[in-house]
Amino acid sequence: MKNIVILISGGGSNMAAIVRAALQDDWATRLDARVAAVVSNKAEAGGLVFAREQGIATEVLDHRGFGSREAFDAELARVIDRHEPALVVLAGFMRILTPGFVARYEGRMVNIHPSLLPAFTGLHTHQRAIDAGCKFAGCTVHRVTAELDVGPIVDQAVVPVLPDDTAETLAARVLVEEHRIYPRAVARLMQG
């Protein structure tokens, strides 16, 4: 069976969407895959509770305990590699990864970003879309590369930007689409 390792930093709603899909017999059987572990850089990440409740192994690796990004990423790789993942999934993992770490998982690490890439890389995507006068916003699943938020696009979903939208209301609509497309993209990648 192929393993998936998911990295989170917070509530883990995208992780939960993937786990729920993976717990469905048809999904797991068709893909011959399972979520083997959820790893967080924050002990208080709410998503860890959900993962434990599903019987998934969890680990915490606090980035603040390391003298450099490289040292943290090296230990993170050791933690991930214990689970022999076919795919590493970033689901709200709020750390910029070093080029060496990204190279280690080249072609088998994905992220979800709350904009229609290549527009609005980085943070504050929803407010930036509103400020720019965009009529549409959305989310993108992409392969992770050393350059932030520019890897090859795997899947996207679009939502309208409404005249009275705030960053929060737009974010809520985009999140619904994230929960829909991320499990689908992971399934597609696991199928090869």
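Glu75 is partly exposed, with a relative accessible area of 23%. Partly exposed means between buried, under 20%, and exposed, over 50% (1.4 Å probe, protein chains only). This is a predicted model, where local features need pLDDT of at least 70, side-chain atom pairs count only at pLDDT 80 or more, and totals for chains, interfaces and linings use all residues. Residues are numbered from 1 along each chain as its sequence is written, and side-chain values use heavy atoms, with hydrogens and water left out.

Back to Glu75. Its side chain meets Arg78 in a salt bridge, 2.9 Å from N to O. A salt bridge here is a side-chain nitrogen of Lys or Arg within 4 Å of a carboxyl oxygen of Asp or Glu. Both residues sit in helix α4, residues 69-81, three residues apart, about one turn of the helix. Helices are DSSP runs of H or I, at least four residues, numbered from the N terminus. Arg78 is partly exposed too, at 47%.

How many salt bridges does the structure hold? Eight.

Take another one. Glu177 and Arg180 pair at 2.6 Å, N to O. They are three residues apart in helix α7, so about one helical turn separates them. Glu177 counts as buried, at 17% relative accessibility. Arg180 is partly exposed, at 42%. Shared partners also join Asp155, Arg184 and Arg188 into one salt-bridge network.

Next, Asp62 and Arg64. Their closest N and O atoms are 2.8 Å apart, in a salt bridge. Asp62 is partly exposed at 28%. Arg64 is exposed at 61%.

Notes:
Helices (H or I, at least four residues) and strands (E, at least two) are DSSP runs, numbered from the N terminus.
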